[in-house]
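Good morning. Please have a look at the structure.

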Amino acid sequence: PGLATAVPLPHRGGAILFSGAAPGADAGRSVCGLASMAVSKRRSMTPTSPGRTLAQKYRISMRHILGQGGFGTVYKGLDTKRDAEVAIKVFGGTDNSLATFKSSIDIWTNIQLHSSTKQDSHFGRKVSCDNHLLITELKKSLAADDELRLNQLVTHLDIRRCFAEMLDYSRDEDGDPGEDPESGLLFIVYEKGGTSLEEELEARHSGAEQQMDGQELLDLLWSLVCITWGLHVCGYVHMDIKPANIIKFPSQPGDKGGVRWKLIDLDGAMCSNETIALKECCVTHVFMPPELAKCMAEDRATAVTSRKMDVWSVAMCVMQAIFSVPVLEPWYKQWQGETGDDAKFLKWLGDYTAEPIIYGDMEQHICDIDPCLGALLKFMLSKDPASRPCIARCMTDLAFRKHRARLLEADKGLMEFIAKVHADGEIGERRKSTACLTM
């Protein structure tokens, strides 16, 4: 946008010309706000030998790094008690490592318990996401008229399946979350998945695998929307959804195409509708939402989190699946190379009046793949958050009619169980009434 030069952006059929061009700094890096991490303040939190054992149970392999981020490093590990591979995230390098570690445990615990300790606050399911919208659309599209049962269906869907399971974490001498006394490390143990969506897309771009067709793209978007909805109903905003944070796991009954995607790295997640310090916000420039870029461009100290921020990032992940690279990367690199900083990119991204992300050749190309997909992505990538849909609205979009039908069909057993509970309840009430009459 706004550049005279044209750059070929790769996709399944060759190249489409868009504005932007020259290479520059790495656009895929994560940054915590605009502040660089002070290496001099870091404590050494890295395992000191290639095969040491943590908590007398988890053997960690330093030679096998599964991922790195602003809050720590993820290593391949082995649970020697179960003889099962695991992923071990070792926190460290910053002054607030302990706070981040404990926050991660709180978030994962709340998700895995499928409830929250603050039902009257941001964590409450009813105030965190518009379930009513989803229920209404399910009734309409599936000709189901029992709103109570549908509400129970949506509320009781196992959202834990959307996230990599937390298996264990380091504890201090009192047994509370903290540094492991023996190693001095802060770590969390997760179930280990396979390749990331980023690796999957790289393999398809290189020709090692076939590019995604329209149905696969819709399936991917539906998976990401459902994952994000699972996070939002718990009252959280991820803030840094990107292909590197989406991991493939073995499929489960009801999964489409034998693939289940799960979201990882909730270390930077925040409570929804909360004022946060920008310096504590961990984001990736080419996936960050315009409202966050606007705050950074205006040099504000704080920003208010919104679930719609994640909606933007989810759409950007699918855009990468379509065009093989992050679609904002050429412009980020161009301007970063010209100016040496992020200011120009942030100002453009945060300008709600600038041309939309999807228009022209790009819009036509997506609509040629699937018109409903193109319309939904354009809606999700509205620069002004006031015009952007919430995640529940995305789930009720026309593009996902078949997916919603499968959702209900996959949980048919649950529906039958709920119906039985209702029937038993009615019988119980009748028995009570009869007993009262005969007394």
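I will start with the aromatic rings, go on to charges over rings, and end with the proline. Keep in mind that this is a predicted model.

Aromatic pairs, then. The count comes to 8. Take W222 and F400 as one of them: their ring centres are 5.0 Å apart and the planes stand at 55 degrees.

Where do W222 and F400 lie? W222 is in helix 6, residues 214-232. F400 is in the loop between helix 13 (391-395) and helix 14 (401-410). The pair therefore ties together parts that are 178 residues apart in sequence.

Are these two residues buried or exposed? Buried means under 20% relative accessible area. W222 has 11%, so W222 is buried. F400 is at 0%, so F400 is buried as well.

Aromatic residues also form a cluster here, made up of W331, Y332, W335, F345 and W348.

Next, charges over rings. K262 lies over the face of F249, 4.7 Å from the ring centre. K294 has its charged end over the ring of Y352, at 5.4 Å from the centre.

Last, the proline. P326 sits in the loop between helix 8 (307-323) and helix 9 (329-339). Its relative accessibility is 11%, so P326 counts as buried. What does P326 touch, leaving out residues up to four places away in sequence? The answer is V286, F287 and Q320. P326 and V286 are 40 residues apart along the chain, and their C-alpha atoms are separated by 6.6 Å.

That is the end of my part.

Notes
Residues numbered from 1 in each chain as written. Predicted model: local features only at pLDDT ≥ 70, side-chain atom pairs only at ≥ 80, totals over all residues. Heavy atoms only, no water. Phe/Tyr/Trp six-rings, centres within 6.5 Å; stacked < 30°, edge-to-face > 60°. Helix = DSSP H or I, 4+ residues; strand = E, 2+ residues; numbered from the N terminus. Buried < 20%, exposed > 50% of the residue type's maximum accessible area, 1.4 Å probe, protein only. Lys NZ or Arg CZ within 6 Å of the ring centre and 35° of its normal. Contact = heavy atoms within 4.5 Å.
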